[in-house]
Amino acid sequence: METSRRKFEKRVWLASPCMHGDELKYMKEAYETNWMSTVGENLNAVEEQLCKKLNCPYCVALSSGTAALHMAMKLAGERVYGRPEVGHGVLEGKRVFCSDMTFDATVNPIVYEGGIPVFIDAEYATWNMDPEVLRKAFEIYPEVKIVVLVHLYGTPAKIEEIKEICREYDALIIEDAAEALNATYEGGYVGSFGDYGVISFNGNKLITGSSGGVILLHSREDADKVRKWTTQAREEAPWYQHEEIGYNYRMSNVIAGVVRGQLPYIQDHAERKKAIYDRYQQAFLEAELPVHMNPYEQGKSVPNYWLSCMLINREAMCKQVRSEREALFITEPGKSCPTEILEALDGINAEGRPIWKPMHAQPIYKLHPFITRKGDERAKTNAYIDNGIQDVGMDIFDRGLCLPSDINMMVEQQEYIIEVIKDCFR
Ligand SMILES: *Cc1c(COP(=O)(O)O)cnc(C)c1O
């Protein structure tokens, strides 16, 4: 069947940059005025415009979303535990609650600071952190004071419930809104609900600087700290005076030119992403495919639809086995699986992607606590070697996948992709 299929001449990407022209103008301005370093008009404009747009008092532009998450971890850590000795992480030996189903850039900064991520299982309504599990986690580890909350694929998490629980336990929230620029919850932009927020401008995000990110903050003091730490923590003195460990994490004014040129297109990109999502959803409904799109809380939240994902109904899953490095499946009439669909997409030169493999199942984090509605899964016998944990994240990983969601994709290309997906279920 696949052998006779027409292939796209140029690959259809999962999500690729979409430039509009002004990016080059602002980059050129940086060049011509020789503001080619980590200060300049583009940086000021990006920080100002994002503050205004997201209704957040302070914003600092950094080299990546990961750097922004690292700085958020340091700020939160210092606020709760005080400044560490030189050579020690601010979270050393401290547990931090974190969304389980995410990209590992969410989690790694906890470890950079010596912390112990404790993974919180997902829920089915938004694919984000389950508030019920978070409550359970606080019952097991009431001393935890920092929660890292992800808004996966541009869909807001259950912020209200999570904020309420964190208020009860006096814990700070770091919002990883790296994928979720422009998504709203009860009318407010995600990234501005927590104590600290992070947005990424990596090449495949809603808008891009080619790289880069920002941290969103609520106090002048925090913003000043981040500016200092990310420029190698130089003290105010006539010479290079250092009283803290620093980083070289600032965004360049050239990169900021790209971001600045993209900022006016946030809404446009989000609308095009929504059109892609709607087209998949409509087509799957019409074809009565046994699948659902990645869900969100209708009436409460508006996603940015960064990636369109689908979840195959349990009864429509053919046999699929995944080892640490490989996947196998046996196709069956009327059924399919993510591996079959991803291979079919690749066969026509289109890029899909598996759902983020949950962090608790990653070899680097295999010994870290993992909480589900049933409690601490690692505390049970054989939990370390048994892959049979009944968790939501692993279930979505098994049955779900990310579909080509590139705003440069043409309608006819998407229609062909939809036909290929339908074929997988024949
Ligand atoms: C992209 C991403 C990051 C990291 O952002 P970078 O700018 O690539 O460092 C963090 N968390 C999530 C969920 C992401 O998707």
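**View 1. Glutamate 47 and its salt-bridge partner.** Glutamate 47 has a relative accessible area of 9%, so this residue is buried (under 20% relative accessible area; exposed is over 50% and partly exposed in between, with a 1.4 Å probe and protein chains only). Its side chain meets that of arginine 227 in a salt bridge, 3.1 Å from N to O (a side-chain nitrogen of Lys or Arg within 4 Å of a carboxyl oxygen of Asp or Glu). The pair links helix H7 (residues 220-229), which holds arginine 227, to helix H2 (residues 41-54), which holds glutamate 47, 180 residues apart. Helices (H or I, at least four residues) and strands (E, at least two) are DSSP runs, numbered from the N terminus.

The model is predicted: local features need pLDDT of at least 70, side-chain atom pairs count only at pLDDT 80 or more, and totals for chains, interfaces and linings use all residues. Residues are numbered from 1 along each chain as its sequence is written, and side-chain values use heavy atoms, with hydrogens and water left out.

**View 2. Helix H10 (residues 338-347).** Of the 10 residues of H10, 7 are buried, so the helix is largely enclosed by the rest of the structure. Among the buried residues are Pro338, Glu340 and Leu345. Asparagine 349 follows H10 and has a positive phi, near 70 degrees.

**View 3. Aspartate 346 with arginine 11.** The closest N and O atoms of this salt bridge are 3.1 Å apart. Aspartate 346 lies in H10 and arginine 11 in the segment before helix H1 (22-32), so the pair ties together parts 335 residues apart in sequence.
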